Amino acid sequence: MKPDVSGTKAYIKSFAFTFATAILVCPHLHADEPDAVRSSGFVGLRPLPRFDADLNSNHGGSWAGLPTFEQQKGNYPFVAKNLDVVKGWLDGDFDTKRVFMEHYWGLSEERDDPDPNKNALIKAIRQWESQGGTIEHILICREYRLAIQRGHEDATPGPFPEDTRILSAKDVSAIRSLFRTAHQQQLIEQTNYKLIQMVEHPGFFASDSCAQDVVRSMEGVAYEAHQFNRHWPLETGWSNPGKVVAGAKWTLEQGKEYVFYYGPVVWKSKNYEEFIERDWLKAYWKAGLPKHHPRMHYYLNTFPHAHGRGRPVGPETDPHSVLGLTKWLIEEVKMPVHDQQEK
C-alpha cells in the first residue's frame, strides 16, 4: 500500500505560498534577516544634532540654536520602528540597536596602537557594545587631506594617490588581527567586523586591480554623495550618477555590500528646489543604482552643514524634515509594494 502523501503535499504547498506572500507584502524587513530573505538593504541614519551638547559644534558653521533630535521625542513612530541602523546615538526612540560607525585609520600611531587596550577603534567598538549596540558596519578610511587641515599633523595617506582614503592590504590585515586579539581578551563581542571601505572617488576602486584586491579583502564600499562643492551639479559633478552606478554595480557583483552615504543635502539656498534631495535619489535610481537589493544600503548623513542649515529635524509627518525624508526613504527602499502602488 502506498502512503497517502496528499496531506503533506498540501501542507508544503500552503507553507510555500504563505512564505512567498510574506516576502512580497511584509511592510518592513529587519536588519538581522539574511540576504536570502531580505528583498532590500538597510536604511540608516546619522542623527545630528542629537541633543543640546551637540549645539557647541561648529562643523560647517555654528550649530547654536538649531533643532535637535531629542526635541522630537515621540514624533517619529514610523521611523523609530523601521529604521535598520543608526550612528552615534542609542538614546532616541529608535527600536534598532544596530549601529554603524565611521573610523579614520592612519591619523597617528598612537590611535592605531596594536595593543587593543590602547587602540582607538577598539575603544569605539567597546563604547557602543557596552550600551547594548550591535556593530553592523564600520565605515573606515584614511582621511588624510581633511585630517591635516584639522590638526592631525601625523596623518598619512593610503597607497593610492587617486584615492588616498583607500587602505593598504597591510592595514586591513592589521585591523583583522586587532579584532581577534581584542576578542580573545574579551574586550569586544565579535572576532571580526564588517569593514566597509569609505572611498572618495566614485569609481577608482573598481577600475584599478590593486585597489580591487584591497576592497575584496573587506566587506564592502561606502561612497559619500554630497549636494554641495564639487558634487554640484548632479549631472556633471563629482558624484554624477554614471560613475556612482558603475562603482556600485561592480561592488555588488563581487558579492560585497555597498553603502550609499547620502548627505549633507541642501536646504533653503540659491540651489534649493523643493524636494531636490529626493529628486537626486530618483535620478540615481533611474540611472541604474539598485534600489531593492539585499546588499545595497542607503544611509542618510544629513548633519547641518552650511548648505543644509535650518532644515527641520521633524516631525516625520513634515516631508521637508530630516525625519520626513527618512520616512520617505524607508518606504521607497524597503517596501517594493509601495513602488507598485505608485505606478
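**Entry 1: cis prolines**

I started at Pro 315, which is found in the loop between β8 and α10 (322-334). For the element names I used DSSP runs, numbered from the N terminus: helices are H or I with at least four residues, strands are E with at least two. Gly 314 and Pro 315 are joined by a cis peptide bond, with omega at about 5 degrees. I then looked up Pro 49, in the loop between β1 (43-45) and α2 (77-82). The bond from Leu 48 to Pro 49 is also cis, and its omega is near -10 degrees. I noted these bonds because most peptide bonds are trans.

**Entry 2: the model**

I am reading a predicted model, in which local features need pLDDT of at least 70 and side-chain atom pairs count only at pLDDT 80 or more, while totals for chains, interfaces and linings use all residues. Residues are numbered from 1 along each chain as its sequence is written, and side-chain values use heavy atoms, with hydrogens and water left out.

I checked pLDDT next, the predictor's confidence in each residue on a scale from 0 to 100. The protein chain averages 90, and 87% of the residues score at least 70. Over residues 1-29 the pLDDT is below 50, and this stretch has 12 contacts in the model beyond near neighbours in sequence. A contact here means heavy atoms within 4.5 Å. Where pLDDT is low, the predicted coordinates should not be read in detail.

**Entry 3: chain totals**

I found 11 helices and eight strands in the protein chain. Of its 343 residues, 52% count as buried. Buried is under 20% relative accessible area, exposed is over 50%, and partly exposed is in between (1.4 Å probe, protein chains only). The accessible surface of the chain comes to about 16100 Å², and 52% of that belongs to carbon and sulfur atoms. I took the areas as Shrake-Rupley values with a 1.4 Å probe; for residues, only the protein chains shown count as cover. Among contacts between residues at least 6 apart in sequence, 68% join residues at least 24 apart.

**Entry 4: cysteines**

How many disulfides does the structure hold? I found zero, taking a disulfide as a pair of cysteine sulfur atoms within 2.5 Å. Cys 141 counts as buried because its relative accessibility is 0%. Cys 210 counts as partly exposed, since its value is 46%.

**Entry 5: aromatic rings**

I counted 16 aromatic pairs in the structure. Rings of Phe, Tyr and Trp (its six-membered ring) pair if their centres lie within 6.5 Å; planes under 30 degrees apart are stacked, over 60 edge-to-face, and the rest tilted. Trp 285 and Tyr 298 form an edge-to-face pair, at 6.0 Å centre to centre and 75 degrees between the planes. The pair links distant parts of the chain, with Trp 285 in helix α9 (residues 276-287) and Tyr 298 in strand β8 (residues 296-300), 13 residues apart. Trp 285 is buried at 13% relative accessible area, and Tyr 298 is buried at 1%.

Arg 230 lies over the face of Trp 238, 4.0 Å from the ring centre. The charged end of Lys 327 sits over the ring of Phe 78, 5.0 Å from its centre.

**Entry 6: the loop between β6 and α8**

I looked up Leu 234, which lies in the loop between β6 and α8. Is Leu 234 buried or exposed? Leu 234 is buried, because its relative accessible area is 6%. Not counting residues up to four places away in sequence, Leu 234 touches Ser 239, Asn 240, Pro 241, Trp 280, Ala 283 and Tyr 284. Leu 234 and Trp 280 are 46 residues apart in sequence but 7.3 Å apart in space, C-alpha to C-alpha.

Asn 240 is in the loop between β6 (220-225) and α8 (241-253). Asn 240 is buried at 14%. The C-alpha atoms of Asn 240 and Tyr 284 are 8.4 Å apart, across 44 residues of sequence.

**Entry 7: positive phi**

Most residues other than glycine have a negative phi. I found that Asn 229, in the loop between β6 and α8, has a positive phi of about 55 degrees. Asn 229 is exposed, at 56% relative accessible area. Gln 186, in the loop between α5 (169-184) and β5 (195-199), has a phi near 60 degrees. Gln 186 counts as exposed, at 72%.

Key
Lys NZ or Arg CZ within 6 Å of the ring centre and 35° of its normal.
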